Amino acid sequence: MQETEFDARIAAGETIEPKDWMPERYRKQLIRMMSQHAHSEIVGMLPEGNWITRAPTLRRKMGLLAKVQDEAGHGLYIYCGTETLGIDRSELIDQLLSGKAKYSSIFNYPTLTWADIGAIGWFVDGAAIVNQTMLAKASYGPYARAMIRICKEENFHKRQGYEIMATLAAGTPEQHRMAQDAVDRWWWPSLMMFGPSDKDSPNSAELTKWGVKRKGNDELRQRFVNLSVGQAKAIELTLPDPALKYNETTGDWDFGPIDWDEFHRVVRGDGPCNRERLEARNAAHRDGEWVRQAAEAYAAKHAN
Amino acid sequence: MSGNGEWPLWEVFVQPPGGAPFEHAGSVHAVDAESALQNARDVYARRGEAVNIWVVPTVAITASTPEDQGPFFEPGNDKPYRHPQFYTSPRGVRV
């Protein structure tokens, strides 16, 4: 009865709010999806934070610092949205720190050169924008509202990345090579960010049925490829896919097969940096303990 | 989040520039009102989105419930005479 009513609300395009009745499975799936998303924002600070002290100019350093701060903010928007589903923040943090929770596998790749910072902004944030623009229409109100806030801010991330790449690509032959090398390493993992093909994605059908996802993984991935081809061409960088070809019939850019074995390997924990990321996150949490203690002591002192 | 469990939750309301009304932005955890306000600024006003911020302990908010929706809001729904469309005016006159 309640479930029929709920399905009708979803079908009518209504927004579900925290106190509304919802199927337990909807709640569980949202907690899983939203917390993974929040964790990704938090862990996403690590590969880039690595380069803040080595940014080549003050302008670049300011931009990167602001971007990394945004990622922290985005994590917090989504954590606060996830909490409305009835799970505590501390539990979410514990799940991340203990390694129980998953986050986007893209952040388990290393940032070897400055050009990687450009490639992350251009590809990783670019792919995230495609995905999050769709999620801004998700059926769960707090999630959709967090996405709207994030989408407003994320364009800056993509543009700062693309500017880094354009500058390197127009620089010395060595700088151009550095940019191309970053493109070669980040392109395929970025395509994997959209997740397995819809037919192989266990969660996709359910999330689509409930209006959490409004488009399939393959459709979003295709949109990202279509957008990227022209952007790469404009700055004379080559996307590392010999099968990339314009399809007159569909109007899309066809692309070669994705190495899903690599994807599953990294998701399972065998990526280049899985352990390092989790250790860095745990160390940051431990190192912040004294700040939390000081804040509590201060509040206790002033409460009386 | 350290020894004493979860810090209190605060709801954040921000007022955009230009005299617009306060709007709910999200929430933050903080030990007290002062740090809640600072956290809210860092999380929800990094780009001049706000000229004022309110933080309110989440537990202090009294809200209507979804079950209320029909009866609670009904007094407003059955009074069409509160809307201008309820009234007629002579043809061709702009009122």
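User: Is A:Ser98 buried or exposed?
Analyst: The model is a predicted one. A:Ser98 sits in the loop that joins helix 5 (89-97) to helix 6 of chain A. A residue counts as exposed when its relative accessible area is over 50%. The value for A:Ser98 is 55%, so this residue is exposed.

User: What distance separates the C-alpha atoms of A:Ser98 and A:Met62?
Analyst: Along the chain, A:Ser98 and A:Met62 are 36 residues apart.

User: Does A:Glu5 count as buried, partly exposed or exposed, and what is its relative accessibility?
Analyst: A:Glu5 belongs to helix 1 (residues 2-11) of chain A. A:Glu5 counts as partly exposed, because its relative accessibility is 48%.

User: How far apart in space are A:Glu5 and A:Trp21, C-alpha to C-alpha?
Analyst: The two residues are 16 residues apart in sequence. From C-alpha to C-alpha, A:Glu5 and A:Trp21 are apart by 9.4 Å.

User: Which residues is A:Ala38 in contact with, leaving aside its neighbours within four places in sequence?
Analyst: A:Ala38 is part of helix 2 (residues 24-43) of chain A. At 0% relative accessibility it counts as buried, the limit for that class being under 20%. With neighbours within four places in sequence left aside, its contacts are A:Gly75, A:Ile78 and A:Tyr79.

User: What is the C-alpha to C-alpha distance between A:Ala38 and A:Gly81?
Analyst: A:Ala38 and A:Gly81 are 43 residues apart in sequence. Their C-alpha to C-alpha distance in space is 9.5 Å.

User: What is the phi of A:Glu236?
Analyst: A:Glu236 is in the loop between helix 10 (217-234) and strand 1 (245-246) of chain A. It is exposed, with a relative accessible area of 63%. Most residues other than glycine have a negative phi. A:Glu236 is not a glycine, yet its phi is positive, at about 55°.

User: Which residues have the most contacts inside the largest nonpolar core?
Analyst: This core has 91 residues. Its largest share, twelve residues, comes from helix 6 (residues 114-135) of chain A. The residues with the most contacts inside the core are A:Tyr26, A:Tyr140, A:Tyr143, A:Met165, A:Trp186 and B:Tyr44.

User: Which residues does A:Met165 touch, not counting residues up to four places away in sequence?
Analyst: A:Met165 is among the residues with the most contacts inside the largest nonpolar core. Not counting residues up to four places away in sequence, A:Met165 touches A:Ala115, A:Gly118, A:Ala119, A:Trp122, A:Ala179, A:Ala182, A:Val183, A:Ile235 and A:Leu237.

User: What is the radius of gyration of chain A?
Analyst: Chain A has 13 helices and two strands. For 304 residues the globule rule gives 19 Å, and the value for chain A is close to this, so the chain is as compact as a globular protein of that length. Its C-alpha trace spans about 65 × 55 × 35 Å along the principal axes. The radius of gyration of chain A is 20 Å.

User: What is the radius of gyration of chain B?
Analyst: Chain B has two helices and three strands, and from the N terminus on its elements run β-β-α-β-α. The globule rule gives 12 Å for 95 residues; the value for chain B is well over this, so the chain is more spread out than a compact globule. Along its principal axes the C-alpha trace spans about 70 × 35 × 15 Å. The radius of gyration of chain B is 21 Å.

User: What percentage of the residues of chain B count as buried?
Analyst: In chain A, 51% of the 304 residues count as buried. Chain B has 95 residues, and the percentage that count as buried is 24%.

User: How far apart are the mean positions of the positive and negative charges of chain B?
Analyst: For chain A, with 39 positive and 42 negative charges, the mean positions are 3 Å apart. Chain B has 7 positive and 11 negative charges, and their mean positions are apart by 18 Å.

How values were computed. Residues are numbered from 1 along each chain as its sequence is written. Chains are lettered from A and ligands numbered from 1 in the order in which they are written. This is a predicted model: local features need pLDDT of at least 70, side-chain atom pairs count only at pLDDT 80 or more; totals for chains, interfaces and linings use all residues. Side-chain values use heavy atoms; hydrogens and water are left out. Helices (H or I, at least four residues) and strands (E, at least two) are DSSP runs, numbered from the N terminus. The radius of gyration is taken over C-alpha atoms; the globule rule is 2.2 Å times the number of residues to the power 0.38. Buried means under 20% relative accessible area, exposed over 50%, partly exposed in between (1.4 Å probe, protein chains only). Lys and Arg count as positive and Asp and Glu as negative; His and the chain ends are not counted. The place of a charge is taken as NZ of Lys, CZ of Arg, CG of Asp or CD of Glu. A nonpolar core is a set of buried Ala, Val, Leu, Ile, Met, Phe, Trp, Tyr and Cys residues joined through side-chain atoms within 4.5 Å. Contact means heavy atoms within 4.5 Å.
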